Amino acid sequence: MNIIKQIKATEYEEAENLENTSELQIRRIEIFHYNSKGEETRCDILDKDGKISCSWFRKYNDDGILIEKFNDIHSSYKMEIDKKGLTIAERFFSNGIEEFSSEYQYDSENKITIETSRNEKTMSEIYYYYDSEKKLSKKVAKNSNRVRTSESLYSNGNLNQISYYNSNFGIPTMVANFFYDKYNNIITQGQYSIMAETFMPGKVTKEQNEYKYDLHNNWIQKINKNNYNKLTLTNREIEYYK
């Protein structure tokens, strides 16, 4: 069944080349733990010396629906589930005090249509749109003044493009594009700014990812090359249930 039991992801500091990986300095380590149902139960975040700096835990109800995420430094997310098993709200607490929340509205086919986020000072909304096959095709984010701040386009479950807009006037400022391999991992990410005077493309930046996969088509190594040709290596050790 190839159910993942644990993933240990080690990310290293960026380097000019990767000829001698043993000399790379560790940036951070994350260890993800899963139960036999494939549900993530804990994530340990380690510092460069291998000491746990923070752990996040996840709780599920009897139907396998996530109901709470919390860490060991007094922060938590709590979900409200309706009778249909739909998550209608997610609230973030710090030291027991609610700091912000997200609430969700659904259509007759139980697909999210509007996501409303609030804190003490601001409110924003994300509108969801679907294609003829009921797959997510677009998200449009608006601020409390109902000015569009971003528009995201999707295809086959993957984010293809994000357009960012000036939050005061809704004028486009930047566009980011994403391209994927056959395993739905990002291989190229490019973005360019929009010049306010002419609305023409301005500065362009580009990142590329190269992967190695295990026999179960899960990546075990990623090499990221940024716009300045600096390289960042991430290795993943994956353990499966037997």
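Which strand supplies the largest share of the lining of the largest pocket? In this predicted model, that share comes from β2, with four residues. Strands here are DSSP runs of E with at least two residues, and helices are runs of H or I with at least four; both are numbered from the N terminus.

Some conventions apply throughout. Residues are numbered from 1 along each chain as its sequence is written, and side-chain values use heavy atoms, with hydrogens and water left out. As the model is predicted, local features need pLDDT of at least 70 and side-chain atom pairs count only at pLDDT 80 or more, while totals for chains, interfaces and linings use all residues.

The protein has 18 strands and zero helices. Its C-alpha trace spans about 50 × 50 × 40 Å along the principal axes. Of its 242 residues, 35% count as buried. Buried means under 20% relative accessible area, exposed means over 50%, and partly exposed lies in between, with a 1.4 Å probe and protein chains only. The accessible surface comes to about 15,600 Å². Carbon and sulfur atoms account for 47% of that surface. These areas come from the Shrake-Rupley method with a 1.4 Å probe; for residues, only the protein chains shown count as cover. Contacts were also examined by sequence separation. Among those between residues at least 6 apart in sequence, 18% join residues at least 24 apart. A contact means heavy atoms within 4.5 Å.

The pocket was examined next. Rolling a probe the size of a water molecule over the atoms shows where empty space is left. The search used a 1 Å grid over the protein atoms alone. A pocket is an open set of points where a 1.4 Å probe fits, with protein on both sides within 12 Å along at least five of seven lines. Lining residues have an atom within 4 Å of a point. Grid points are joined across faces, edges and corners, and a volume is the space filled by probe spheres set on the points. The largest pocket holds about 230 Å³ of space. It is lined by 17 residues, and the closest to its centre are Glu11, Arg28, Trp219, Lys222 and Thr234. At least two lining residues come from each of β1 (4-12), β2 (26-34), β15 (186-194), β16 (201-213), β17 (219-225) and β18 (231-240). By class, the lining has seven charged, six polar and four nonpolar residues. Asp, Glu, Lys and Arg count as charged; Ala, Val, Leu, Ile, Met, Phe, Trp, Tyr, Cys and Pro count as nonpolar; the others, Gly among them, count as polar.

β18 is mostly covered, with seven of its 10 residues buried. Two strands pair if DSSP finds at least two bridges between them. β18 pairs with β1 in the antiparallel sense over seven bridges. β17 also runs antiparallel to β18, through five bridges. β17 and β18 form a hairpin with five residues between them. In its turn, Asn229 has a positive phi of about 65°.

Thr10 sits in β1. Its bridge partner in β18 is Asn235. Thr10 counts as buried because its relative accessible area is 7%. Residues up to four places away in sequence aside, Thr10 touches Ile26, Arg28, Ile29, Leu233, Thr234 and Asn235.

Thr188, in β15, is likewise classed as buried, at 17% relative accessibility. Beyond four places in sequence, Thr188 touches Asn177, Phe178, Phe179, Lys206, Glu207 and Gln208. Ser76 belongs to β6 (residues 75-81). Ser76 counts as buried because its relative accessibility is 10%. Its contacts, neighbours within four places aside, are Glu68, Lys69, Phe70, Arg91, Phe92 and Phe93.

Two further hairpins involve β12 (residues 148-155). β11 (residues 136-142) and β12 run antiparallel, joined by five bridges. Lys138 has Leu153 in β12 as its bridge partner. Five residues lie between these strands, and Arg146 takes a positive phi near 60°. β12 then pairs with β13 (residues 158-165), antiparallel, over six bridges. Here Glu151 is partnered by Ser163 in β13. This hairpin has two residues between the strands, and Asn156 takes a positive phi near 55°.
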